[in-house]
Amino acid sequence: YKSYGHYYLQWAEPILPALGECQPNSWVFKQLASRLGLEDELFEMSTEDLARDLLDSTAPQLEGITLERLKAERSVRLNFLEDFRPYANGSTFSDGKIRFSPAPEQVEFQVQTTEAFPLRLISPPGAFILNTSMGNLEPILRAAGGEPQVMVHPQDAEDNHINDRDMIVVESEKGSITRRVIVSTDAKQGVVIALGQWWPKLAPDKRSLNMLTDQGLTDLGGGSLFGNAVVRIAKA
């Protein structure tokens, strides 16, 4: 995994044996590769083989770091200078700002809201549930409200005759879902916020947010259009 800014490589061993039919992600990828007919040698490599391959690099930050050392020490600092703190005193520009080259541009959404679908749906992490990982743990589900919910601005709720805690239908051109609504100014007007990704079986209609999304790809990077759904809402 690439880091989010820390300067150490880490190695962790399982503390408990896998329960039931649990398998690591690497097993899942190997099974998918086999069934899809993918023959790259990457899919035959063990976890240790993959780690060795990653460490076999000419990058100066990895010099002297082997898998054996990493397994022995469990946490090894990369070969940065001890005072490696980029921008600790601001940038080299007189105004202290960092300059990007080329400068970032605002790219307009391909899919725009319409009179029929006037709201845009986003699905950031909730306070307790990020995605389906650990989505089976009762304490987490209870803390997250016990069911998947969407947040709507008070004006959007009033325009659609919706009250706080109502069950509502969120509909796009691709499909619809039913969710409990939270009416709050924490949502921007014109935006519906789905709080985290829940297992479909925990939703009142047994449907996931993917019922609302397009299967097309973005023009920049070929990514998914998960953040680009336009929807309308109504009381269920």
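Below are my notebook entries, one topic at a time.

**Ground rules**

I am looking at a predicted model, where local features need pLDDT of at least 70, side-chain atom pairs count only at pLDDT 80 or more, and totals for chains, interfaces and linings use all residues. Residues are numbered from 1 along each chain as its sequence is written, and side-chain values use heavy atoms, with hydrogens and water left out.

**The barrel**

I started with the strands. Helices (H or I, at least four residues) and strands (E, at least two) are DSSP runs, numbered from the N terminus. Two strands count as paired if DSSP finds at least two bridges between them.

Which strands form the closed barrel? I traced six of them in the order S3-S7-S4-S6-S5-S8, and the pairing is mixed. From one strand to the next the twist averages 45°; the axes behind such angles are lines fitted to C-alpha atoms, for helices over the stretch in contact, and the angles run from 0 to 180 degrees between N-to-C directions.

Next I checked who pairs with whom. S3 (residues 119-122) is antiparallel to S8 (residues 229-235), with three bridges. There, leucine 119 sits opposite valine 231, and leucine 121 sits opposite alanine 229.

S3 also pairs with S7, this time in parallel, again over three bridges. Across that pairing I found isoleucine 122 facing isoleucine 193 and arginine 120 partnered with valine 191.

S7 has another partner in S4 (residues 149-152): they run antiparallel and share two bridges. Valine 150 has alanine 194 of S7 as its bridge partner.

Then I looked at which way the S7 side chains go. Val191 and Ile193 point one way, Val192 and Ala194 the other, and all are buried. For the record, buried means under 20% relative accessible area, exposed over 50%, and partly exposed in between (1.4 Å probe, protein chains only).

Is methionine 134 buried or exposed? I get 54% relative accessibility for methionine 134, so exposed.

Lysine 206 has a positive phi too, near 60°. I found lysine 206 in the loop between S7 (191-194) and S8, and it is exposed because its relative accessibility is 56%.

**Salt bridges**

Opposite charges can pair when the charged atoms of their side chains come close. My cut-off for a salt bridge is a side-chain nitrogen of Lys or Arg within 4 Å of a carboxyl oxygen of Asp or Glu. How many are there in the whole structure? The search gave me 11 salt bridges.

Entry one: arginine 142 with glutamate 138, closest N and O atoms 3.6 Å apart. These two are four residues apart in helix H4, which means about one helical turn separates them. Arginine 142 is exposed at 55%, while glutamate 138 is partly exposed at 47%.

Entry two: arginine 165 with glutamate 147, at 3.9 Å from N to O. This pair links distant parts of the chain, 18 residues apart: arginine 165 is in the loop between H5 and strand S5 (167-171), and glutamate 147 in the loop between H4 and S4. Glutamate 147 is buried at 15%, but arginine 165 is partly exposed at 38%.

**Glutamine 149**

This residue is in strand S4 and counts as buried, at 8% relative accessibility. What does the side chain of glutamine 149 touch? It makes a polar contact with the side chain of arginine 165 at 2.9 Å. A polar contact is a pair of N or O atoms within 3.5 Å; within protein, one must be able to donate a hydrogen and the other to accept it, and residues adjacent in sequence count only if both atoms are side-chain atoms. The backbone oxygen of alanine 144 also lies 2.9 Å from a polar atom of the glutamine 149 side chain.
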